[in-house]
Amino acid sequence: MFSDKDIKQIKSKGITINQVNAQLSRLKNGMTFSDLVSAATIGKGIESYDADEVKGFVGLYEAKKNYLSIVKFVPASGAATRMFKFLFQFLQNFNPSKDSLAKYAERKNDELISLFVEELENFPFYNEVISKIKQENSNFDSLLEGEKHLLFVKSMLDAKGLNYSFLPKGLLPFHKYGDAVKTAFEEHLFESTLYASSNGNANLHFTVSKNHQLYFSNELGRVREALEEKTNTTFNVSFSYQNEATETVALTAENDVFRNEDGSILFRPAGHGALLENLNKLDNDVIFIKNIDNIVVSEKNIEVSNYKKLLAGVLIEAQEKVFAYLKKLDTGKLEDTDFKIIALFLRYRLNVPIDTEFDDFKNNEKIAYLKDKLNRPIRVCGMVKNQGEPGGGPFWVKDKKGNVSLQIVEFAQINFSRKNQQSIVYKATHFNPTDLVCGVKNYKGEKFDLLNFIDPEAAFITTKTQNGVEIEALELPGLWNGSMAYWNSIFVEVPLETFNPVKTVNDLLKPVHQAN
């Protein structure tokens with residue numbers, strides 16, 4: 001039961017009591033796991049193209065792009081805190097008067113700190129941190145090596161220093177070009193000119209937290225003029241926040257609603273699925289989706305960006321056929337061969353299994369059936385070969401009605417206690433690195449309401465820690481998982497080189513993040 005104070009808090013977020021009760025019910029009753037039928041593999045759900053085919057799709061996109069409204073959608077609200085996990089542990093546990101760095105690393109079995117210190121000068125933020133330290137510590141050069149390393153890390157992360165742990169990943173120094181240092185945010189602006197611009201304009205939309213909006217706006221103001229001049233491109237940049245009405249409650253181990261110290265209900269951001277509302281407000285023909293930390297130095301980006309054009313070309317070709325078929329279906333004048341051609345296109349191009357009794361349908365039933373299957377948003381997703389990285393994988397999945405479709409499934413959605421589901425996962429060859437191109441308009445040029453294509457059963461439950469207490473948290477169907485469950489999907493193999501996330505700060509030392 002909720003108190004009057006609770007009800008007031010719930011309503012202030014734009015959430016109804018029924019919605020909260022539905023969340024609690026799902027948390028208490030457990031999540032619905034995905035029913036995997038098989039892994040999607042090359043030729044069975046994932047397409048693979050040779051060099052000539054890639055060239056053809058890239059050429060198609062380049063020929064069409066100036067007639068299209070294009071936007072790059074970048075989820076960028078993630079805090080950088082997790083990047084520095086081993087550095088926080090170092091600050092807490094390393095005592096330079098008692099330990100050498102080598103002994104600490106050996107005792108803690110911490111290879112990350114050894115690499116961090118060894119390669120310190122190769123980090124893009126090295127000069128900024130050293131400058132900050134020397135401003136405030138005139139005796140820095142006379143300190144012991146261990147003291148210097150400890151002070152370096154403290155100056156990086158501490159609120160009284162550069163406060164990197166507060167910043168989102170997008171505003172951290174990511175790459176260094178001589179004396180110039182660029183943030184991930186600036187690199188995304190530059191990257192958009194390589195594949196996501198048309199007629200000299202690049203539209204970008206970043207989802208950010210309210211706490212960081214001003215910082216992003218300041219960074220845009222700092223870099224915009226020089227970058228526009230360098231690339232001969234006008235940047236149209238917009239920002240949005242995760243809607244508070246998408247937040248969810250959590251449960252304690254005793255199945256009680258978790259509350260903050262002041263007695264108020266804890267509402268948590270409900271994962272990237274909450275961003276569907278942000279995506280739904282964009283009214284562009286082509287939407288590229290890419291995470292903020294998956295960005296490489298400019299000289300390596302030209303080749304990587306070619307594969308974004310490939311995905312867009314595949315989208316345009318499929319979309320043109322879908323639109324033509326829908327317009328033909330609108331006329332009502334179709335022969336048996338027309339129905340067969342459209343059904344084959346659905347089955348083999350859009351990966352939509354056709355009802356076994358389709359051939360026995362009356363013509364008006366066939367038209368209604370095909371229109372329902374065709375008239376949906378389309379996503380083309382890059383898939384890279386599985387190298388043990390965490391991330392959603394491509395699978396054929398059966399829903400409660402027995403319908404089989406191509407989906408991107410997170411590990412949290414899979415019931416690993418069932419041996420047949422385990423076996424299917426182990427046969428998976430690819431995973432999705434959050435590399436999507438989306439078509440969200442129908443054949444009449446009207447935007448789909450993306451909220452109509454969600455599978456609400458694809459919400460999942462995760463175990464988190466809040467103020468040292470273990471809680472069960474509810475996440476909405478993931479943006480590229482259950483939130484796009486009823487889209488039409490095409491999965492395309494792309495090289496592993498297109499996936500270069502920065503999960504820990506040491507990832508910035510990889511060649512793709514180091515300019516020559």
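**Cores, sheets and a helix crossing**

Biologist: Let's start with a hairpin strand. What is the bridge partner of T463 in β18?

Modeller: E472 is the bridge partner of T463 in β18. Strands here are DSSP runs of E with at least two residues, helices are runs of H or I with at least four, and both are numbered from the N terminus.

Biologist: Good. And before we go on, what kind of model is this?

Modeller: This is a predicted model, where local features need pLDDT of at least 70 and side-chain atom pairs count only at pLDDT 80 or more, while totals for chains, interfaces and linings use all residues. Residues are numbered from 1 along each chain as its sequence is written, and side-chain values use heavy atoms, with hydrogens and water left out.

Biologist: Thanks! Back to β17 and β18: in which sense do they pair, and over how many bridges?

Modeller: Strand β17 (residues 460–466) and strand β18 (residues 469–475) are antiparallel, with seven bridges. Two strands count as paired if DSSP finds at least two bridges between them.

Biologist: Which residue in that hairpin takes a positive phi?

Modeller: That's N467, with phi near 50 degrees; the hairpin has two residues between the strands.

Biologist: Where does β18 sit in its sheet order?

Modeller: The order is β10-β18-β17, an open sheet of three strands with antiparallel pairing. The edge strands, β10 (250–251) and β17, each pair on one side only. Between β10 and β18 there are two bridges, and A250 has A473 as its partner.

Biologist: Which helix lies across β10, β17 and β18?

Modeller: Helix α2 (residues 17–29) does, running at about 115 degrees to β18. Axes are lines fitted to C-alpha atoms, for helices over the stretch in contact, and angles run from 0 to 180 degrees between N-to-C directions. Contact means heavy atoms within 4.5 Å.

Biologist: New topic: which residues touch the most other members of the largest nonpolar core?

Modeller: F116 and F206, in a core of 101 residues. Helix α12 (residues 298–331) contributes the most to this core, with 11 residues. A nonpolar core is a set of buried Ala, Val, Leu, Ile, Met, Phe, Trp, Tyr and Cys residues joined through side-chain atoms within 4.5 Å. Buried means under 20% relative accessible area, exposed over 50%, and partly exposed in between (1.4 Å probe, protein chains only).

Biologist: What is F206 in contact with, leaving aside neighbours within four places in sequence?

Modeller: Its contacts are V74, A76, F185, H188, L189, V237, S238, F239, S240 and I292.

Biologist: And F116, which is in α6: at what angle do α4 and α6 pack?

Modeller: Helix α4 (residues 85–93) and α6 pack at about 95 degrees, with axes 10 Å apart. So α4 is roughly perpendicular to α6, a label for angles of 65 to 115 degrees (under 35 is roughly parallel, over 145 roughly antiparallel, the rest oblique). F86, L87 and F90 of α4 meet L112, I113 and F116 of α6.

Biologist: Last one: is E121 buried or exposed?

Modeller: E121 counts as exposed because its relative accessibility is 56%. E121 sits in the loop between α6 (111–118) and α7 (126–136). Leaving aside neighbours within four places in sequence, E121 is in contact with Y126 and K176.
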